[in-house]
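Thanks for asking me to look this one over. My notes follow as numbered points, to be read alongside the model.

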There are 2 protein chains.
Amino acid sequence: MTTAPSSALFDRVALIGVGLIGSSLARAIRRHGLARTIAVADQGEGVAARALALGLCDEAGEDAVAAVRGADLVMLCTPVGAGEAIARAIGPALAPGAIVSDVGSVKARVIEMIAPHLPAGVHLVPGHPVAGTEKSGPESGFAELFEGRWCILTPLPTTDARAVDKVAELWRRVGMVIETMDPDTHDKVLAITSHLPHLIAYTIVGTAADLEDHLSQKVIAFSAGGFRDFTRIAGSDPVMWRDVFLNNREAVLEILQRFTEDLTALQRAIRWGEGDTLEALFTKTRAIRQAVIEAKQA
Amino acid sequence: MTTAPSSALFDRVALIGVGLIGSSLARAIRRHGLARTIAVADQGEGVAARALALGLCDEAGEDAVAAVRGADLVMLCTPVGAGEAIARAIGPALAPGAIVSDVGSVKARVIEMIAPHLPAGVHLVPGHPVAGTEKSGPESGFAELFEGRWCILTPLPTTDARAVDKVAELWRRVGMVIETMDPDTHDKVLAITSHLPHLIAYTIVGTAADLEDHLSQKVIAFSAGGFRDFTRIAGSDPVMWRDVFLNNREAVLEILQRFTEDLTALQRAIRWGEGDTLEALFTKTRAIRQAVIEAKQA
């Protein structure tokens with residue numbers, strides 16, 4: 001890179017949505033001096049005012065169109081289901097040469113929803129910073145969220161390479177490691193590493209909630225040992241996750257089908273007391289854990 | 001309590017099995033001066049010698065019978081499936097008035113396996129310190145493992161109350177909070193808080209391992225966001241967990257059935273794009289997370 005570390009990468013960054021990811025990005029952009037101006041739009045009740053009060057941005061309001069005017073980078077940080085309406089609204093107001101990017105956990109559908117509404121000369125660079133916590137809202141963000149984590153970019157073959165480089169550089173400057181893949185591969189990988197685990201965690205915590213009252217109380221009291229991790233995952237933002245499942249339907253349903261088959265086989269092994277089958281699987285998964293530790297993802 | 005904090009609760013404690021829990025208990029007993037002598041038996045290759053070398057105990061060998069001679073407390077810290085053979089072997093060697101306890105994650109079956117082999121005058125106090133990590137072996141233990149965690153005791157109606165009190169006091173002295181419940185309730189609660197989460201984690205990591213090679217590699221590389229937690233859980237000891245599922249079969253199969261029904265309903269909601277159903281569940285589970293945090297289990 002020839003850009004000096006301290007120089008602003010962008011003149012005006014518009015963040016549409018200022019929840020955990022948007023507010024973390026605002027903080028990181030501020031800390032690293034990556035934009036001259038940060039404008040925020042969020043339709044959540046009182047959210048824009050809170051973002052201003054937190055010092056996250058220079059301008060904040062409910063109107064995405066106002067935020068994107070004159071922006072050279074527009075970053076969509078809303079639940080993915082909101083993408084189409086926002087793209088339709090802001091399309092006409094986008095400056096020629098502006099970059100539109102996003103942080104959604106689903107890529108193929110998001111591209112389908114956004115791309116048609118962008119005028120010629122505006123560059124779409126779909127992205128996914130793989131980072132987060134189970135918390136929501138502008139107060140929950142922190143500038144260090146992205147450090148050492150992956151950011152996956154899924155540019156189209158036709159996307160301007162300089163626009164992709166600029167978005168990659170933004171994420172690099174806030175601490176991320178960049179990987180590029182096609183949208184379908186991204187959606188399949190995330191279906192298993194993130195979407196299915198969340199679906200399962202939501203399910204099991206829901207199953208526990210529906211137990212007879214005296215058992216349900218005990219489950220909460222003694223929630224150590226596995227369930228606790230699941231409740232943390234199942235405490236994630238409901239609307240964000242609803243949108244993920246609705247918009248990565250095929251990949252989630254496919255991996256869910258495989259998972260269900262595997263679970264049924266295990267259920268059968270338990271019912272028939274097939275200890276060898278259980279032990280063989282549990283030994284195999286231990287090796288995967290080791291691989292994850294070696295990939296420094298643990 | 002009238003016992004002075006520094007006085008030994010037991011004269012000779014025999015720990016049968018010195019993995020994560022056994023070795024942590026040995027360390028904690030040492031630190032708090034709760035036994036005059038600690039004898040360890042473990043049939044794992046070289047384990048007894050390592051336990052001695054680690055300074056965990058005064059005596060160590062492969063023979064459980066030698067360890068329990070003269071012991072006033074025998075604590076079974078092996079995978080639960082080993083309980084019956086051990087009880088049969090040590091039964092005749094137990095001193096009159098000795099207490100036999102255990103740390104197993106399953107209680108009803110363990111009582112069935114152990115109780116018949118204990119001579120009259122020996123007190124069985126089944127217990128379960130709800131604490132652990134995914135690590136195994138004598139090197140993985142640490143004295144602080146039990147601090148602030150629950151220990152569930154499931155004494156039989158006929159169990160000598162003084163024996164129960166002594167075991168409770170041991171766990172209290174190493175930092176645990178004691179709860180008493182009947183074995184069946186314990187097994188149902190643990191089936192959902194611990195056994196099902198482990199089963200699911202093992203399954204999903206196994207499903208990932210069976211993916212096409214290029215996807216499987218990416219899943220390991222990008223294992224953030226849910227899957228990482230699952231790989232940690234699925235890195236737990238294979239034999240211990242095999243035994244848990246084989247010996248808590250009914251409770252695990254029952255909760256697994258409920259889970260599968262709930263997962264199928266969710267799968268259907270995803271397939272048919274029923275966003276409201278998804279959001280309603282995800283909102284309900286968030287409240288459970290809040291309850292877990294309030295119960296200080298998070």
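1. A:Arg242 and A:Asp243 form a salt bridge, with the closest N and O atoms 3.0 Å apart. By salt bridge I mean a side-chain nitrogen of Lys or Arg within 4 Å of a carboxyl oxygen of Asp or Glu. Both A:Arg242 and A:Asp243 are buried; that word stands for under 20% relative accessible area, with exposed being over 50% and partly exposed in between (1.4 Å probe, protein chains only).

2. Some housekeeping: this is a predicted model, in which local features need pLDDT of at least 70 and side-chain atom pairs count only at pLDDT 80 or more, while totals for chains, interfaces and linings use all residues. Residues are numbered from 1 along each chain as its sequence is written, chains are lettered from A and ligands numbered from 1 in the order in which they are written, and side-chain values use heavy atoms, leaving out hydrogens and water.

3. Over all chains the salt bridges come to 38. One of them joins B:Asp102 to B:Lys107, with 3.0 Å between the closest N and O atoms. B:Asp102 is buried because its relative accessible area is 5%, and B:Lys107 is buried too, at 0%.

4. For a contrasting setting, look at A:Arg162 and A:Asp160, whose side chains meet in a salt bridge at 3.1 Å, N to O. Here A:Arg162 is exposed, with a relative accessible area of 63%, whereas A:Asp160 is partly exposed at 21%.

5. Now to the interface. In chain B, 91 residues are in contact (heavy atoms within 4.5 Å) with 91 residues of chain A. The two chains bury about 8500 Å² between them, 71% of it on carbon and sulfur atoms; buried area is the accessible area (1.4 Å probe) that two parts lose on being put together, summed over both. On the chain B side, B:Phe222, B:Ile270 and B:Phe282 lose the most area to chain A, together 9% of what that side buries.

6. Which charged pairs cross between the chains? There are eight salt bridges between chain B and chain A, and one of them pairs B:Asp229 with A:Arg232, whose closest N and O atoms are 2.5 Å apart. A:Glu134 joins A:Arg232 and B:Asp229 in a network of salt bridges.

7. Which element gives the largest share of the chain B side that touches chain A? The elements giving two or more residues include α8 (213-221), α11 (249-271) and α12 (275-294) of chain B, but the largest share, 19 residues, comes from α7(B). Helices here are DSSP runs (H or I, at least four residues), as strands are (E, at least two), numbered from the N terminus. The residues of this side divide into 48 nonpolar, 22 polar and 21 charged. In that count Ala, Val, Leu, Ile, Met, Phe, Trp, Tyr, Cys and Pro are nonpolar, Asp, Glu, Lys and Arg are charged, and the others, Gly among them, are polar.

8. The same surface serves both copies, as 100% of the contact residues of chain B recur in chain A.
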